[in-house]
Protein chains: 2
Amino acid sequence: MSARVNSALIRQINLARVFHALREHPESSQRDLGRLTGLDKATISTVVAQLQDLKLVERSEQSKARRVGRPETALSIPRSAGILVGVRLEPSAIRVVTTTLAGAVLGHCQLAGSLDIDTALKALRATVDRELAEIGEDWSAVRAIGVGIPGLMDRSGRLVLAPNLGWRDVPIRAMLEELFGCPVEVDNDTKAAAIAERLFGMCRRTDDFIYVTGDSGVGGALFLGGRLYRGAGGFAGEIGHTKVVPGGNLCGCGRRGCLETYVSEAAILRRLAGLGIEAADIGAVAALAEQGHGQVRDLLDEAGRHLGFALSNLVNILNPQLIVLGGNLAVVGAWLMPGLERALMEQALVPLAAEVSVRVSPLGEDAVPMGGIALALDGFLAPPRLTVPRG
Amino acid sequence: MSARVNSALIRQINLARVFHALREHPESSQRDLGRLTGLDKATISTVVAQLQDLKLVERSEQSKARRVGRPETALSIPRSAGILVGVRLEPSAIRVVTTTLAGAVLGHCQLAGSLDIDTALKALRATVDRELAEIGEDWSAVRAIGVGIPGLMDRSGRLVLAPNLGWRDVPIRAMLEELFGCPVEVDNDTKAAAIAERLFGMCRRTDDFIYVTGDSGVGGALFLGGRLYRGAGGFAGEIGHTKVVPGGNLCGCGRRGCLETYVSEAAILRRLAGLGIEAADIGAVAALAEQGHGQVRDLLDEAGRHLGFALSNLVNILNPQLIVLGGNLAVVGAWLMPGLERALMEQALVPLAAEVSVRVSPLGEDAVPMGGIALALDGFLAPPRLTVPRG
DNA sequence: TATTTTTGTTCGATGGCCTATCTAATCTGA
DNA sequence: TCAGATTAGATAGGCCATCGAACAAAAATA
């Protein structure tokens with residue numbers, strides 16, 4: 001059953017809309033917010049008053065005069081409104097980012113990871129504590145925490161399966177809320193990163209984009225029609241097992257020629273090793289390419305071609321506006337691009353290929369933790385989804 | 001700018017929800033509708049009163065007693081509420097269906113098509129006039145008309161391009177409203193058929209499904225998260241040019257091995273002709289298969305395999321709950337199925353393949369005109385979409 | 001200094017939904 | 001037969017939302 005549609009929901013929706021409008025356009029006046037949201041200025045007045053009561057918004061002391069007439073008073077989302085904590089939880093590392101409610105980064109922190117759940121959680125707690133001390137805030141300032149995890153979640157925040165961590169069927173959200181004593185949101189890391197791209201990255205005005213990343217495998221997330229698409233079972237986005245080479249490399253899934261046997265970090269390192277080229281990680285690969293290493297460049301170009309082939313089918317089917325390369329793929333993005341764009345132009349239908357552009361994510365290593373920030377923000381701001389039968 | 005969120009919008013949403021609940025569950029009482037929509041019975045009371053004022057709903061005279069207490073009075077969407085007209089406009093044929101507002105079919109009608117716009121529109125008007133006479137209704141009873149066209153539409157109802165009809169940049173919606181003097185909705189035929197499947201067919205409870213059809217090409221429509229997904233430019237769903245055979249048949253798009261060179265009606269007829277088997281249309285092919293013609297069955301099985309391969313990538317990426325074969329593919333669906341399901345099981349990731357089921361559409365030839373009905377219903381019932389920044 | 005101009009607040013109107021109460025219609029059981 | 005129990009639906013009052021219009025505030029301008 002979907003949510004009740006009543007006046008409380010209206011206010012919840014408009015509150016979120018006004019807040020996000022101010023987040024996107026800092027130092028706006030009430031008049032600006034009215035224009036941005038389409039709401040009457042009287043409504044904006046009461047909504048802003050409520051946001052002030054919630055300590056989410058502050059009005060600046062001095063006012064800026066535009067030309068004639070009463071000057072506008074600028075509004076802001078102050079640091080005193082509280083902070084958000086975004087976490088990337090991985091076998092190899094735990095990365096923590098703290099931001100204001102507006103998404104401005106206050107500090108970073110990183111720690112070696114762990115495969116044992118209890119150890120990982122304890123380390124996480126210690127890391128966040130240290131990070132808070134570093135930026136001079138305490139727990140009372142934390143509004144919410146969001147965590148991106150390489151695994152599959154259900155809607156209630158239960159981790160169904162995380163192969164890389166070796167975790168299965170863990171009530172991770174409940175455990176973290178117990179641990180931190182504040183609201184916690186959890187989601188798949190790639191999906192979280194895609195949401196971050198939408199709220200803080202390069203997709204702020206883009207309703208339809210595909211986000212691709214490549215670590216151990218190749219993950220994807222689909223942002224369709226202004227919202228993240230999760231699929232019937234929450235698995236949507238599994239682009240890594242698209243078949244790109246008939247009878248190609250053997251994949252962990254048991255089939256041959258899957259995309260992720262060519263373009264994941266693991267695959268690239270393995271294939272370079274096969275050529276006698278040692279690289280510790282994707283950064284080292286990028287460095288080699290930067291130095292003009294021909295074989296490395298060729299291999300990345302080929303990987304880009306395979307990725308472009310897989311994406312071309314997706315472009316034909318989904319007609320996105322933008323494709324974003326994130327995570328490890330962003331690190332070598334510049335070297336994947338030529339092959340990728342060539343394959344895309346050759347394989348995708350002309351009008352669709354012409355409209356889509358491919359970009360490298362600007363969020364870098366912070367993509368997933370910033371996704372945690374986006375999840376946390378959603379957690380206490382987003383109204384419930386409501387469904388109406390329609391086309 | 002998205003719609004204003006105010007109390008008028010709330011009522012619009014709840015009106016639509018109650019109407020659809022009654023459409024889905026005929027002869028419901030107000031109490032039933034309250035349970036179905038989650039709304040308070042007081043709210044249901046006023047909403048039903050308004051629906052009655054709008055002549056959309058009627059209360060039955062006699063009442064049905066369940067056990068003890070005051071008996072319920074059943075509500076219905078009566079024929080006197082008006083009728084809807086659904087149209088499929090094609091080069092070869094114009095097909096018209098009339099239904100009640102609840103979607104119950106009142107009559108069918110078909111006519112040879114035309115490639116000339118003026119002739120086609122005149123013929124359409126005459127066909128609808130005749131059909132109305134046949135079911136004993138006149139134009140005053142028509143609430144709205146919906147038309148499915150094999151071509152690309154923009155959001156305002158302008159036909160951008162219809163290669164099969166040879167039309168380009170035609171303000172088809174405005175022309176039809178002029179012609180009929182009542183509200184008209186237009187959309188791509190495959191997308192319309194998918195909406196019909198959702199409202200009247202086998203996907204009434206399914207929020208995530210892929211609809212596939214094959215006429216001259218292979219078309220698809222994506223119903224994702226409870227609504228039809230159109231893509232950034234309205235092109236979403238082009239499954240026909242997925243590459244399924246490297247270096248395969250030459251396609252009209254200039255590339256090789258596209259899906260639609262194997263499984264469209266045109267492709268199947270052409271490939272059968274290459275084997276010396278003459279079939280006039282897809283119905284004849286189905287008949288041959290029915291008679292046990294080995295070569296025909298083999299070719300359909302192979303087509304099913306190619307379709308299954310294309311769909312397997314899509315299943316991996318979109319994680320749908322259901323795949324529906326419609327249009328001409330439904331006619332030979334039984335013979336495509338074995339190859340299709342085999343390919344799907346082999347190629348798609350196990351947990352995803354296990355959850356998805358493939359079905360043949362029950363709507364048959366009426367799928368597109370019923371899509372017109374769905375569009376027409378949406379036109380005067382669906383509230384405006386509202387967007388909230390979120391994940 | 002008075003006027004103009006623009007911003008933001010407040011008040012009343014309107015119209016949603018919801019709680020509580022009331023009425024209607026039937027069944028139950030003595 | 002008839003009073004009570006039970007359930008469906010209507011109505012009134014409360015609350016809260018947006019919105020239009022009048023109002024207050026603050027600065028530039030003449």
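## Close-up views of a predicted model

**View 1. The boundary between chain A and chain B.** In this predicted model, the number of salt bridges between chain A and chain B is 0, whereas 27 residue pairs across the two chains are in polar contact, both residues of each pair being at pLDDT 80 or more. On the side of chain A that touches chain B, at least two residues each come from helix 1 (7–24), helix 2, strand 12 (218–224), strand 13 (227–229), helix 10 (294–318), helix 12 (333–347) and helix 13 (350–355) of chain A. Helix 1 of chain A makes the largest contribution to that side, with 7 residues, and the residues of the side as a whole divide into 33 nonpolar, 22 polar and 15 charged.

**View 2. Extent of the contact between the two chains.** Contact between the chains involves 70 residues of chain A and 71 residues of chain B. Together the two chains bury about 5,900 Å², and 56% of this area lies on carbon and sulfur atoms.

**View 3. The protein surface near DNA strand C.** DNA strand C is surrounded by 29 residues, of which Arg31(A), Ser45(A), Gly69(A), Arg11(B) and Asp40(B) are the closest. Of the DNA strand C atoms that come within 4 Å of the protein, 74% belong to sugar and phosphate. Both chains supply elements to this surface: helix 2 (30–37), helix 3 (41–53) and strand 2 (72–76) of chain A, along with helix 1 (7–24) and helix 3 (41–53) of chain B, each provide at least two residues. The largest share, 4 residues, is that of helix 1 of chain B, and the surface is made up of 8 nonpolar, 11 polar and 10 charged residues.

**View 4. Individual atom pairs between chain A and DNA strand C.** At Arg31(A), an N or O atom of the side chain is 2.4 Å from a phosphate oxygen of DNA strand C.

View 5. Strand 7 of chain B is joined to strand 8 (residues 159–162) of chain B over 2 bridges in the antiparallel sense, and Leu152(B) stands opposite Leu161(B) in strand 8 of chain B.

Methods. Residues are numbered from 1 along each chain as its sequence is written. Chains are lettered from A and ligands numbered from 1 in the order in which they are written. Side-chain values use heavy atoms; hydrogens and water are left out. A residue is near a molecule or strand if one of its heavy atoms lies within 4 Å of it. A polar contact is a pair of N or O atoms within 3.5 Å; within protein, one must be able to donate a hydrogen and the other to accept it, and residues adjacent in sequence count only if both atoms are side-chain atoms. Ala, Val, Leu, Ile, Met, Phe, Trp, Tyr, Cys and Pro count as nonpolar, Asp, Glu, Lys and Arg as charged, and the others, Gly among them, as polar. Contact means heavy atoms within 4.5 Å. Buried area is the accessible area (1.4 Å probe) that two parts lose on being put together, summed over both. A salt bridge is a side-chain nitrogen of Lys or Arg within 4 Å of a carboxyl oxygen of Asp or Glu. Two strands pair if DSSP finds at least two bridges between them.
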